[in-house]
Amino acid sequence: MIESTILGIGALLACLLSRDFGLPAYWNTDGHQRAWLNLIYTKLKTSHISSLTKQLLDSIFSKRNKETDLLNLFFPEKEYEFFEDTLIDPPKIITLKNLSDFIVASQKVLKSYRLNIQDNLPRQLIPVSLKQLTQQYQPYKDEEDQQH
Amino acid sequence: MKKTSNINYEEFLNIGFIQTNLNEKLAWFNSATGNWSIPMSTAAQSKMIQEIQQGFCDVVNYSNKPQFIILPELTLPIPNEKTLEMLCLASKSIVIAGFDFVQGKKGIQNKAVIMVPNQWPLQIRSRHVSKYYIGKTHFSIPEKDLFKAIGQSEEPDQAMYLFHANVYGTVGIAICSDFFDLERFVIYRGKIQHLLVISHNQDTESYYFLAEAISRIVFCNVIICNTGFYGDSIAFSPYSDSYKRYVYRHKGQDLFATQVVKLPVRG
């Protein structure tokens, strides 16, 4: 229940960012919504997204996170240990409080990079981490200075 | 802002220039009908992609491997984006290139793409490329005239970008006449180590003066990659020794050129 609410809010955020409320048609197929989660990146291809917002979207639409959850479901008895390969995965969002914390953190960074000079028109500077564009989904994990 | 930098910056950043040579009359002027049009002609497209491939061959053969490879504004033909992705994977470095004019919803856009291979900055084989598109805010007067001749208007992109390249410092990017955007430097000041400018610019001498001025005001390395048709690609670094400041300057018009330069990152 809470999972689908978070997914819905994520889809809404993606729509607001791309200024287009058309969602991928593949999502309408019953039971296939999860399989086509990464279609959201096609929608957001040309949008200007800061790294923290992208991190938020990554964790909402992450198939790896879903698989990690399912792994615990399928193998509940801890007879053997799994190799920890989730270090570069996006952070987990489990509750609505988590989600709102991430949104607030992302907004805070964007606010600090906004300024009005000429004619009081707003100009927005968008911080983007090149590390996130590689494989690492948590861009500022070991760099506290860029987090503010 | 909290300034507790715990990043161990690398001492130098290598930047590869590929100064391609594009004649605007060949690209957007149809001499048979006497009209201007976008996108660029097929002759110009094949010339561009040939020069891009040649440039990548040259740049990756330098002894110091570049972390960034930059190409001028209005270089990459829109259908050849995939070719550049393959070149980006092969060169194992971030590629910044300007697109040909793109037809947007409200008008004509001038865009650039940043391609990041997924194993960057390691020198191991990457499997896929992530792309980030940026746009131009302030269009120059010749561009506006060109759009008027076509019967369209421009579609500016109001955002500015700050790219955190981890151990290689922070990078700001401007497309051509955004280099005259004063607000950009107000907000970049104290935040960036390198300012990359990709341009298709006739007035090279004024860019050269501005490069020095901006380098001192913002206190960063200024790297301008201009089209080879007008020449004058510049790399300027605010060293305390005056003889070190001009890292690179390539004068002369109608030339194809490649070079890899070494720019300081640490303090």
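1. Which strand of chain B do five bridges join to strand 2 of chain A? The partner is strand 10 of chain B (residues 160-164), and the two strands run parallel, with A:I126 standing opposite B:Y161. Strands here are DSSP runs (E, at least two residues), as helices are (H or I, at least four), numbered from the N terminus, and two strands pair if DSSP finds at least two bridges between them.

2. This is a predicted model, in which local features need pLDDT of at least 70 and side-chain atom pairs count only at pLDDT 80 or more, while totals for chains, interfaces and linings use all residues. Residues are numbered from 1 along each chain as its sequence is written, chains are lettered from A and ligands numbered from 1 in the order in which they are written, and side-chain values use heavy atoms, with hydrogens and water left out.

3. The contact (heavy atoms within 4.5 Å) takes 28 residues from chain A and 39 residues from chain B.

4. Two salt bridges are counted between chain A and chain B, where a salt bridge is a side-chain nitrogen of Lys or Arg within 4 Å of a carboxyl oxygen of Asp or Glu. B:D181 forms a salt bridge with A:R123, their closest N and O atoms being 3.1 Å apart. On the side of chain A that touches chain B, strand 2 (122-129) and helix 6 (130-133) are the elements that give two or more residues, and strand 2 gives the most, with seven residues.

5. Within chain B, strand 1 (residues 12-19) and strand 16 run antiparallel and are joined by eight bridges, and B:F17 stands opposite B:Q259 in strand 16.
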